[in-house]
Amino acid sequence: MAEDDREIFRLWKIRHNAFQMCRDRGFLVTSNELDQNFEDFVRQYGDRPSEGKPARSDLSFLVSHEEDAAENLFVYFADEKKVGIKTIKNVCLRLQSENMSRAIMIVQEPMTAIARHSVADLSPKYRLEQFLEAELMVNIIRHELVPRHVIMSSKEKDELLDRYKIKEHQLPRIQSTDPIARYYGVVRGQVFKIIRPSETAGYYVSYRVVV
């Protein structure tokens, strides 16, 4: 009983943070999804995960981008403790049936080596991102020490480079594997505008290119 109580709370928290991450990436998330409290979550999905109530896959969802309704994202909660090739194939079949190319897989443990290679081989046709459940127990961008990150459009990036008369490689860098970069789902070449508070100027701005 106590283990089920802890587990169902974890699943609620993880799903809540997954919805927040999708919204922060510009995907449409309803207020009901984003603000669902723990009691409503339990009423909808059950409180016995040890008995498959809910199964993790029951928590999966689809979202569409607010600026392009054709850009969809499938967020999949894996039932298996360690995801292998079979699960990867099933996710890709789901993407194919929905005419989609992107998915976030939320997993309990790191994927097997073969599964990781499979994900790499599927790129660029399918873009599969992986997050451990433990990584989504906390929303990292809500931490008071994390400054605001804004993804610049291609036009804004070009204007930035032109304004300072520099090339892309001359910008400070952020790795694509950085937790903030992964949270926003950015790819190489995209640029973050980072806004930090300043005691003298109110705030100051810096830029980092994803590498």
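How many bridges join strand E7 to strand E8, and do these strands run parallel or antiparallel? Keep that in mind while you look around; keep in mind too that this is a predicted model.

## The sheet

Here's the answer: strand E7 (residues 191-198) and strand E8 (residues 202-210) are joined by 8 bridges, and the two run antiparallel. In general, strands of a sheet pair through backbone hydrogen bonds, either parallel or antiparallel.

E7 and E8 belong to an open sheet of 4 strands, in the order E5-E7-E8-E6. The pairing in this sheet is mixed. At its edges sit strand E5 (148-151) and strand E6 (173-174), each of which pairs on one side only.

## Two domains

Now zoom out. The protein chain splits into domain 1, covering 1-137, and domain 2, covering 141-208. Going by C-alpha atoms, the centres of the two domains are 27 Å apart. Where they touch, domain 1 brings 11 residues to the contact and domain 2 brings 8.

How much area do the domains bury between them? It comes to about 760 Å², with 39% of that on carbon and sulfur atoms. On the domain 1 side, three residues stand out: Asp24, Arg25 and Arg127 supply 52% of the area that domain 1 buries against domain 2, more than any other three residues.

## What holds your eye at the contact

Between domain 1 and domain 2 there are 8 residue pairs in polar contact, counting pairs with both residues at pLDDT 80 or more. Two elements give two or more residues to the side of domain 1 that touches domain 2: helix H1 (2-24) and strand E4 (127-132). Sort the residues on that side by type and you get 2 nonpolar, 2 polar and 7 charged.

There are also 2 salt bridges between the domains.

## Salt bridges elsewhere

Side chains of opposite charge can pair when their charged atoms come close. Search the whole structure and you'll find 16 salt bridges.

One of them links the side chains of Arg6 and Glu3, at 2.8 Å from N to O. Where are Arg6 and Glu3? Both lie in helix H1, 3 residues apart, which is about one turn of the helix.

Technical notes:
Residues are numbered from 1 along each chain as its sequence is written. This is a predicted model: local features need pLDDT of at least 70, side-chain atom pairs count only at pLDDT 80 or more; totals for chains, interfaces and linings use all residues. Side-chain values use heavy atoms; hydrogens and water are left out. Domain bounds come from an automatic or database domain assignment. Contact means heavy atoms within 4.5 Å. Buried area is the accessible area (1.4 Å probe) that two parts lose on being put together, summed over both. A salt bridge is a side-chain nitrogen of Lys or Arg within 4 Å of a carboxyl oxygen of Asp or Glu. A polar contact is a pair of N or O atoms within 3.5 Å; within protein, one must be able to donate a hydrogen and the other to accept it, and residues adjacent in sequence count only if both atoms are side-chain atoms. Ala, Val, Leu, Ile, Met, Phe, Trp, Tyr, Cys and Pro count as nonpolar, Asp, Glu, Lys and Arg as charged, and the others, Gly among them, as polar. Two strands pair if DSSP finds at least two bridges between them.
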